[in-house]
Amino acid sequence: MSEPNIQEVVKEKYGAAAKQAAAGGIASCGGGELSCCDPITRDLYDSTQIAGLPEKAVAASLGCGNPTALAELQPGETVLDLGSGGGIDVLLSAKRVGPTGKAYGLDMTDEMLALARENQQKACATNVEFLKGAIENIPLPDNSVDVIISNCVVNLSADKDRVLREAFRVLKPGGRFAISDVVVRGEVPPEIRKSMELWVGCIAGALEEYEYRDKLFNAGFSSIEIEPTRVYKADEARDFLAGAGLDPDRVGPQIEGKFISAFVRAAKPATRGVVVGPSCCS
């Protein structure tokens, strides 16, 4: 499926999820009964972190990790959240960087942006700005961000190389890439890759671990680390495998332990190598 088609399906599903949260429900990233939200989005934030946040920001959380707890944000830093959804990670980041810092959220879905801005107002977060755009084309200048975070969004892109190149571009020299994402360890059955519903539901677009490392390296990053934070069992996937028309008893053993949530770290080198041309006297 082409990149524009994938983007449209993601917009539709996550727009519906935003409406669920805005109406007082709990957002479902897969939509209907086909949802990745349990176990992938379960118990990511402790009560002390979400205390004081708007209820709708918590309800709209569709991530697979907690990048704000692992990114080691510092006061005064500028943070960008790729695919910021209802804004929970942006609001948490804004608290960590403080009034001298800035937290940007980037999302392409109008419903999510509206919900995020409502949550920003309720949280009285003045050091926050939500931007409309795609993560493949970040609307910020070169070398403008200290830290990039994201929560189970990069796996939804059909052009991950472009996403990582854009992330590298907007990071300042020495800047940090610190995201949560779903990662695959080993071969995945073709049926899962072909299922668009599972793609939107956080699974089928995931990269294999070695692919992730290679793509980060090719984009220019160094100090690349992939740290597992949760390993998924086949029994946990039975409901949404069945919902996608797949036989859990047949497919389940083939995915046992192969899908993980991971914290993906990398850095933009502080200095780039300088190529020195031949001397004019040689």
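Biologist: Are F168 and F221 buried or exposed?
Modeller: This is a predicted model, in which local features need pLDDT of at least 70, side-chain atom pairs count only at pLDDT 80 or more, and totals for chains, interfaces and linings use all residues. Residues are numbered from 1 along each chain as its sequence is written, and side-chain values use heavy atoms, with hydrogens and water left out. Buried means under 20% relative accessible area, exposed over 50% and partly exposed in between (1.4 Å probe, protein chains only). By that criterion F168 and F221 are both buried.

Biologist: Why is the pair of F168 and F221 classed as it is?
Modeller: Rings of Phe, Tyr and Trp (its six-membered ring) pair if their centres lie within 6.5 Å; planes under 30 degrees apart count as stacked, over 60 as edge-to-face and the rest as tilted. The centres of F168 and F221 are 5.2 Å apart and the planes stand at 90°, so the class is edge-to-face.

Biologist: Which residues form one aromatic cluster?
Modeller: F177 and F221 also pair, with 5.4 Å between centres and 45° between planes, in a tilted arrangement. F177 is buried, as is F221. The one aromatic cluster consists of F168, F177 and F221.

Biologist: Which residue has its charged end over the ring of F168?
Modeller: A charge sits over a ring if NZ of Lys or CZ of Arg is within 6 Å of the ring centre and within 35 degrees of the ring normal. Here the charged end lies 4.9 Å from the centre of the F168 ring, and the residue is K268.
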